[in-house]
Amino acid sequence: MAESLLSVRSLTKRFGAVRASDDFSLEVARGELHALIGPNGAGKTTALNQLSGELLPDSGQVYFDGRRITRLATHRRARLGLARSYQITSIFERLTVRENLSLSIQAHNGHSFRFWRKASHDPAILQAIEPALARVGLEDRSDIPAANLSHGEKRQLEVGMALAGHPKMLLLDEPYAGMGPGGAVELTKLIRRLKADVTILMVEHDMRAVFALSDRITVLVYGRAVASGTPEEIRQNPLVRQAYLGDEVNGCSR
Amino acid sequence: MRTAGSISIQVNRRTIALSIGTIMLLVLPVAAGLADEPYLVSLFSRILIYALAAVSLDLMLGFGGMVSLGHAAFVGIGAYVIAILSLHGFEGTPVISWPMTIAGSESALLLWPAAVVLSAGAAALIGALSLRTSGMHFIMITLAFAQMLYYFFVSLEVYGGDDGLSLFTRNTLPGVDLGDDHQFYYLCLAALSAFLFLSWRLIHSRFGMVIRGCRENERRMKSLGFAAFRYRLVCFVIAGAGAGLAGALIANQTEYVSPGLMHWTRSGQILVMVLLGGMGTLFGPVLGAATLLLLEELLSIYTEHWMVYLGPFLILVVLFAKRGIYGVIAGKNGNHG
């Protein structure tokens, strides 16, 4: 597929006898929001870790933007424009919101072997920081330590950090995890806005969000992609119903 | 956002403490002269030198999150560079004659940069290997490297082995008489101030932000696109260079070096200075060095078992003052010193 931004071919990863990824293939087209769903233990996070480079597959290939990145180090993938956010919020708690975002901007703005000038006076960072704060709606909270944010705000910051470097693609690992109803609404708005700018691969349990947001969905069962298609196709797919969705799909289509 | 009022109070409290400290250090030799206690000048020179070593450790420990138990190795290397080159300079013999001849020297302008560069080089080597590990393994491997160096110098009979090596005189520096304790004191003060200023620039620079990010969450730094290892290594090297300078100064101050300088207990002592003064603050390690060495000096007047009293004090500080003595003085939000 020429239009694929991310192409995963026959990825296999074993942990002892367990096949966390089993001949797993996936195509994510440029500009789409692709959801990766599956029951607990289906290997969703393992798959994501292999895409971000934190785990290396036993076999198979990963192509991103026309380049083979199967064994590329995590920080190099990030620099190619493949960003990720974490299921367990992974921000720099002791730094302020502004510092968190400015680090993310810095990562994509030349090297940081600069020892003299204050980072907070760096024009390249200054120029990008306000839009980055605005994008995640944290302008008013910019100077407090990230540890003092509410859970929802932390999730917003988490996504904001992944976005600060203007990635081509964003890997979102369960963005709705532990989110209250109010926060979830905010996050849905945020992701809707993001869809316009960046290709997204989202691992998510919240079916309401998945079916509301996704262009395409891939269903993972025991490390293997059993189905892939539009939300409507997935909803109709008997294999998927049997393997995993069952009542939840009916619940959502009410 | 904090209110402007509370910011100015913090700055004031910090600034006042800092000004008092600076003035005290500036007038100390004069005061010692008036009180007829010339010994104080050399005691405080020692404190300033160890403060320099402690600040350099804090750069990697407090800001970079790398707990090293081998930092004294770099102090020792700096000191030995001075002692060995001075010895050959005094004797007029070459240090090595193959593959090229390197002559000894007694000039500080030559020796001190050499001490800094060689310590930094050793740090690059040790760091490149140690930083492949983290946590407890990192502590153990830095400790192991330091002990290796310790035993290397113990067995280096040519340069005194276990007995160490005496300098014939302090090094020479144009315009400064290093042999004069007062001038030497001010030189140590200048060296510490310069290193503090460099560190202050460093921790607020882009590099400093990356280092602090790596302390908080290395995994996330990688996923943001930073080659964490390289930044940590450079931080390790800078810390080693600072320790090397401290070593060069200590060799000149005591006019004697021995393997004991790099023994792991010495690394532990520097680590305690940082913890006591306040990890992750700039001036904390200076306070820690002063407190530890002064207490040691004071308590040993009354009892030879001064450790018995020092121990509980350390425990109390670590338990009740989260950011060490600096935290108590500068207040809760006194940022980084």
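**A tour of chains A and B**

The model is predicted: local features need pLDDT of at least 70 and side-chain atom pairs pLDDT 80 or more, while totals for chains, interfaces and linings use all residues. Residues are numbered from 1 along each chain as its sequence is written, with chains lettered from A and ligands numbered from 1 in the order in which they are written.

Next, select helix 10 of chain B, residues 264-277. Its buried residues (20 or more other C-beta atoms within 10 Å of their own, with C-beta atoms placed from the backbone) include B:I270, B:L271 and B:M273. Among the elements they pack against are helix 2 (39-63) and helix 11 (284-302) of chain B.

Move to chain A and display the open antiparallel sheet, whose four strands follow the order 2-1-4-5. Strands count as paired if DSSP finds at least two bridges between them. At the edges lie strand 2 (18-29) and strand 5 (67-68) of chain A. Strand 1 (residues 4-15) of chain A is joined to strand 2 by eight bridges; select A:V8 to find its bridge partner A:L26 in strand 2.

Finally, show the contact between the chains, with 23 residues from chain B and 30 residues from chain A; residues are in contact if their C-beta atoms, placed from the backbone, lie within 7 Å. On the side of chain B, helix 7 gives the largest share, seven residues.

Methods
Two residues are in contact if their C-beta atoms, placed from the backbone, lie within 7 Å. Helices (H or I, at least four residues) and strands (E, at least two) are DSSP runs, numbered from the N terminus. The expected span of a helix is 1.5 Å times one less than its number of residues. A residue is buried if 20 or more other C-beta atoms lie within 10 Å of its own, exposed if 12 or fewer, and partly exposed in between; C-beta atoms are placed from the backbone.
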